Amino acid sequence: MIPDQQRLKIAVQKSGRLTDNSLALFQRCGLEFTRDRDHLVCFGENLPVDLLLVRDDDIPELLNDGMCEAGIAGLNIVEEYRLGFDIWRELDFGNCRLSLAVPRDSSVQSARHLAGLRIATTYPFLTQRYLDGQGIAAEVVTMNGAVELAPRLGKADAICDLISTGATLKANQLRELEVVFQSRAALAVTRRAMTPEKRALLEKLERRMEGVLQVNGSKYIMLHASRGSLTAITALLPGAESPTVLPLDGQADKVAVHAVCRESVFWETLENLKAAGASAILVLPIEKMLS
Ligand code: PRP
Ligand code: ZN
């Protein structure tokens, strides 16, 4: 199936850490799509956008060649293969870390002790950059996969691999030494020229994404307060810009306060607001936001 050249093409990880969140993000941006039978492409029904489902390691190459205009990949991939694209924005999922690890019973206790030893990784650039920065002269052994097996196979003394839950590390009786690179998902955009139509569509999606990302974690708070307690209460609202203050019918001394809070609202926040004199406190989810 060859995708239509007129349509914007965005590469997304086929199956893995980023897949579900990536597809959900496009859905929240209003993109309706159907999957083809082979699950290789998600066809946008209401916008000329196709999501290409690929191996995450292939995304840099696709952007560099201009086969796709944009893609969602982990910063680990993006930073490892910096070529022909720019990071438009980091996203709020796919958190994981690239770490050095050794067999649980190894005598190596810190990265410094890796000098003169072999480190297996699928991220030779990031690993070498870290070692150079720390002044550690170790040998980086590049592998294509199954890095966690390298020590047992006698191919290396240590590994430098991605960790998210830590399950792989545990299953292979490895011990984490040091974090080399903190990663999360990002939207990367090709540096190749694209038609004005595609550029406009990409920018439309970027604006919607910005809105979705702002909404995540934001809440709308409504409460009643006496005019005298207004300053104290406003100061307690987490991450709120200038709140709206409205008069309350028949109550000269009281006002209603409405605010968008861009940080998490915890029970403690509500209890503190109440202690400061607020009443009738409501916390509402925000569905969409466009600034
Ligand atoms: C990474 C890494 C481990 C696993 C760690 O692979 O190579 O296998 O994730 O995750 P855990 O701490 O939750 O067990 P990745 O998902 O990048 O697979 P890929 O190399 O096939 O893309
Ligand atoms: Zn991968």
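Two strands pair if DSSP finds at least two bridges between them, strands (E, at least two residues) and helices (H or I, at least four) being DSSP runs numbered from the N terminus. The model is predicted, so that local features need pLDDT of at least 70 and side-chain atom pairs count only at pLDDT 80 or more, while totals for chains, interfaces and linings use all residues. Residues are numbered from 1 along each chain as its sequence is written, chains are lettered from A and ligands numbered from 1 in the order in which they are written, and side-chain values use heavy atoms, without hydrogens and water.

Strand 14 (residues 244-248) and strand 15 (residues 251-261) run antiparallel and are joined by five bridges. Within this pairing, Thr-244 stands opposite His-258 of strand 15. The two strands form a hairpin with two residues between them, and Gly-250 in the turn has a positive phi of about 75°.

The shell around ligand 1 (residues with a heavy atom within 4 Å) includes Arg-17, Asp-56, Leu-162 and Thr-168. By class, the shell has three nonpolar, four polar and three charged residues. Strand 10 (158-163) and helix 5 (167-171) each supply at least two of its residues, and the largest share, three residues, comes from strand 10.

Polar contacts are pairs of N or O atoms within 3.5 Å. A polar side-chain atom of Asp-161 lies 2.9 Å from an oxygen atom of ligand 1, and one of Ser-164 lies 2.8 Å from a ligand oxygen. Gly-166 contributes a backbone N or O atom, 2.7 Å from an oxygen atom of ligand 1. The protein covers 66% of the 520 Å² of accessible area that the ligand has on its own (Shrake-Rupley method, 1.4 Å probe).

How values were computed
Polar contact = N/O pair within 3.5 Å; in protein donor to acceptor, adjacent residues only side chain to side chain. Nonpolar A, V, L, I, M, F, W, Y, C, P; charged D, E, K, R; others polar.
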